[in-house]
Amino acid sequence: MAHQQRSPARLSPSGDARDTARTADAAEMALVLAPRLAYFAGVARTEHVTRAALEMQVPQSTLSRAMVRLEQDLGVDLFARHGRTVSLTPAGRAFLASVERALAEIERAAEEVRADADPATGKVAFGFLHTMGAETVPGLIHAFRADHPRIRFSLVQNYGEAMLERLRAGELDLCLTSPVPDAPDLVARRLDEQKLRLVVPADHRLAGRRRIRLAEAADETFVTLEPGYGLRRITDDLCKEAGFKPRVAFEGEEAETLRGLVAAGLGVALLPPPAVPRPGVVELTVTSPRAAREIGVAWPAGRPDTPPVAAFKKFLLSRRGNLLPG
């Protein structure tokens, strides 16, 4: 049998260009071969084109042409033909082993995405701030699973900007974040508000107070989250509104670590209420400026929801104004 030969590749000016050309050739070949792989596996399994056509419910002529084109595109004989029957050549047997692995992986992937989209047992990839993890999110999921007991969750704790990037990348379905984002490629809804307190060491000069104007802490050393965290941005903005720039001694990645630094006498911090009161600190209500952060839910604009994601989104939106523990 004569086979169509690929034209020789032209020399590329650099290694990067050659790599790019090879990648493009591989992608082009995959697009050409992919629709024929299941046909090939069926013919190889039955070693009979007519039986394979009946099993796969395709015309025999379509199957025969597909096998001829497959051999032409590869430039090798995959079958030895014996009247109406066929047998695999050594090249065909080697190719079949790889094709069967590829088809099994495709079947596994298809089963996985179908399972994740199942209305009763599907999965929700849900991101949330570290400060939501101890109490808020466990309570939300517990309440949601009262009506959806078998829906599964993939939970991710991170700071706001990192979660928004994971939303955009398709790694998360929904996230609880603060501040509530305003971006054209995202949809966001405000759900609740959380007051922030000035946390001071228990032996601090202000520890006997219950309320404070933030301007009274202008000379204090602050411990804060790192730049890029939503709470850091809110801290900087509130201090600016109070007429000063905070003098930052320590930066961290987690609010409870900051509370521990305050307890150790290393500074003061603007933080949301803890899930469990921590000894060694006093938490003061800030009367001016108004110290609070908005908590919202965000998701990618225009991306269709699977049934479990749609159900959990509806549940979160129903908790507007009642998201946080009392």
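Start at Glu 111, which is partly exposed at 44% relative accessibility.

A word on the model before moving on. It is predicted, so local features need pLDDT of at least 70 and side-chain atom pairs count only at pLDDT 80 or more, while totals for chains, interfaces and linings use all residues. Numbering starts from 1 along each chain as its sequence is written, and side-chain values use heavy atoms, with hydrogens and water left out.

**Stop 1: salt bridges**

The term means a side-chain nitrogen of Lys or Arg within 4 Å of a carboxyl oxygen of Asp or Glu. By this rule the structure has 24 salt bridges. Both Glu 111 and Arg 114 sit in helix α4 (residues 90–117), 3 residues apart, about one turn of the helix. An α-helix has 3.6 residues a turn, so residues three or four places apart point the same way. Helices (H or I, at least four residues) and strands (E, at least two) are DSSP runs, numbered from the N terminus.

Next, select Glu 171 and Arg 166. Their salt bridge has its closest N and O atoms 2.9 Å apart. Glu 171 is partly exposed at 44%. Arg 166 is partly exposed at 28%.

Now go to Glu 220 and Arg 205. Here the closest N and O atoms of the salt bridge are 2.8 Å apart. This pair links distant parts of the chain, 15 residues apart: Glu 220 is in the loop between β8 (211–213) and β9, and Arg 205 is in the loop between β7 (197–201) and β8.

**Stop 2: aromatic rings**

Show Phe, Tyr and Trp. Their rings (for Trp, the six-membered one) pair if the centres lie within 6.5 Å; planes under 30 degrees apart are stacked, over 60 edge-to-face, and the rest tilted. There are 11 such pairs in the structure. Select Phe 222 and Phe 244: this pair is tilted, 6.1 Å centre to centre with 40° between the planes. Phe 222 is in strand β9 (residues 221–225) and Phe 244 in the loop between α7 (230–241) and β10 (247–252), so the pair ties together parts that are 22 residues apart in sequence. Both are buried: Phe 222 at 0%, Phe 244 at 11%.

Then select Phe 126, Phe 128, Phe 144, Phe 153, Phe 312 and Phe 315. They form one aromatic cluster.

**Stop 3**

Select β3 (residues 123–128) and β4 (residues 152–157). These strands pair in the parallel sense over 6 bridges; pairing requires at least two DSSP bridges between the strands. Ala 125 stands opposite Ser 154 in β4.

Which residues of α5 are buried? They are Thr 136, Val 137, Leu 140, Ile 141 and Phe 144. They cover an arc of only 120° around the axis, which puts them on the same side of α5. That arc is taken from the directions from the helix axis to the C-beta atoms. Their cover includes β3, β4, β5 (174–177) and α9 (307–318).

**Stop 4: a hairpin**

Select β1 (residues 79–82) and β2 (residues 85–88). The strands run antiparallel, joined by 4 bridges. Phe 79 has Leu 88 in β2 as its bridge partner. The hairpin has 2 residues between the strands, and Gly 83 takes a positive phi near 65°.

**Stop 5: Thr 46**

Thr 46 is found in helix α1 (residues 15–46). At 13%, Thr 46 is buried. Leaving aside neighbours within four places in sequence, Thr 46 is in contact (heavy atoms within 4.5 Å) with Arg 51, Ala 52 and Glu 55.

**Zoom out**

Show the whole chain. The protein chain has 9 helices and 13 strands. Of its 326 residues, 40% count as buried. Among contacts between residues at least 6 apart in sequence, 73% join residues at least 24 apart.

Terms used: Buried means under 20% relative accessible area, exposed over 50%, partly exposed in between (1.4 Å probe, protein chains only).
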